[in-house]
Amino acid sequence: MDLIEVTPLTLTDRRIYNQLLENAWEAIDKPVVHVIAKADLRGSHNSNDRIGESVERLMAAIVKVEAVWDGKPAVERVQLLGGNMEMARADGLFEYEIPARLRKIISNSTVFARLQREVMFALSSKYALTLYEMVQKRGNLRWKSSEKFTLDALRGVLGVPKGKLTSWSNLRMRAIDPAVAEVSALSDYMVEIQPIKTGRSVTHVELRWWRKDGEETGRVERAMQFASPGRRARAEGRTENVAEEAPARPRPAWLDRQGAALKTQTYETARLRHPGYDIYFVESEWRSWAAGKEPAADPDRAFLAFFRRYAEANPL
């Protein structure tokens, strides 16, 4: 059972949804209203804005299930999230329903699995979390340890935006390889995605997975102790270039005079993309550069774009 996105979902959206499922799990097959504290969904973010935005994207997404009815193949589709209510107070509650057809699918499914929360929050990209979901759902199938996908089907499941990563080389370099490295390093499974050619072009891939042995599981537990940049570097085999990271320091008060803080996710993205840089110093440089100019329509994207140019011009 894989998620086919109508509205592109972010890493935060997927994490929030998996939290909603985990919270509802003991009564996932019952027609009840589930309740969770907004603070649990908000995490370390200092604003509730992202909760409403994520919920609306989740309500626009669908689940697509390939099934067999009366001996014939069929496709079953259902909304990902049902009706809900968000209390206005920052410390309020979020009430939500799991759609009836999805409850039936989950209760009857042999491939749906709960995700490990510590792994879910350790993975640093949407593609890695999606691949982890795919493997966790399939990991307990004793009769199956691989599955083939067309490239279009894989892009759909991974949530690659339309028109992006259209070539196999870009898809592999920017989405598949980093995701495989992270999931293999941080989860209970080793993962491979191998290309399959039709003629001279890659048209399909084969996803393979197998559970780790005791020694490999011990390595996972040690890897989980590191900060996110260190974890990702180790997953990609760059450990010799990355020192252990201290917990991210808070945004300094003096920067408040230059402008309101950006989204927490923006700072996390900047740290991952540009390890070693003082993100708050670069933010100060960006705000000084932008002073007197027309305000950006999307400050977070504008900051990340400036950071990229700054890093190119000022390599460490």
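Colleague: What makes the crossing of helix 1 and helix 6 left-handed or right-handed in this structure?

Modeller: In this predicted model, helix 1 passes helix 6 in a left-handed crossing, a term that applies when the near helix is turned anticlockwise from the far one by less than a right angle. The two helices pack at an angle of about 35 degrees, with their axes 8 Å apart.

Colleague: Which residues make that contact, and how do they divide into nonpolar, polar and charged?

Modeller: Helix 1 contributes Leu11, Arg14, Arg15 and Asn18, while helix 6 contributes Lys126, Leu129, Thr130 and Glu133. The residues of this contact divide into two nonpolar, two polar and four charged.

Colleague: Why is the pair of Arg57 and Asp13 called a salt bridge?

Modeller: The side chains of Arg57 and Asp13 meet at 2.6 Å, N to O, and because the definition asks for a side-chain nitrogen of Lys or Arg within 4 Å of a carboxyl oxygen of Asp or Glu, the pair qualifies.

Colleague: How do you know whether Asp13 and Arg57 are buried or partly exposed?

Modeller: Asp13 has a relative accessible area of 0%, and since buried means under 20%, Asp13 is buried. Arg57, at 22% relative accessibility, counts as partly exposed, the class between the 20% and 50% limits.

Colleague: What makes Lys38 and Glu86 a salt bridge, and which elements does the pair tie together?

Modeller: The closest N and O atoms of Lys38 and Glu86 are 3.1 Å apart, which is within the 4 Å cut-off, and the pair therefore counts as a salt bridge. Lys38 lies in helix 2 (residues 38-42) and Glu86 in strand 5 (residues 84-86), so parts that are 48 residues apart in sequence are tied together. Lys38 is buried at 1% relative accessibility, whereas Glu86, with a relative accessible area of 33%, is partly exposed.

Colleague: How many salt bridges does the structure hold, and which residues do shared partners join into one network?

Modeller: The structure holds 13 salt bridges, and those that share partners join Arg251, Asp256, Glu283 and Arg287 into one network.

Note on methods
Residues numbered from 1 in each chain as written. Predicted model: local features only at pLDDT ≥ 70, side-chain atom pairs only at ≥ 80, totals over all residues. Heavy atoms only, no water. Buried < 20%, exposed > 50% of the residue type's maximum accessible area, 1.4 Å probe, protein only. Helix = DSSP H or I, 4+ residues; strand = E, 2+ residues; numbered from the N terminus. Axes fitted to C-alpha atoms, helices over the stretch in contact; angles between N-to-C directions. Contact = heavy atoms within 4.5 Å. Nonpolar A, V, L, I, M, F, W, Y, C, P; charged D, E, K, R; others polar.
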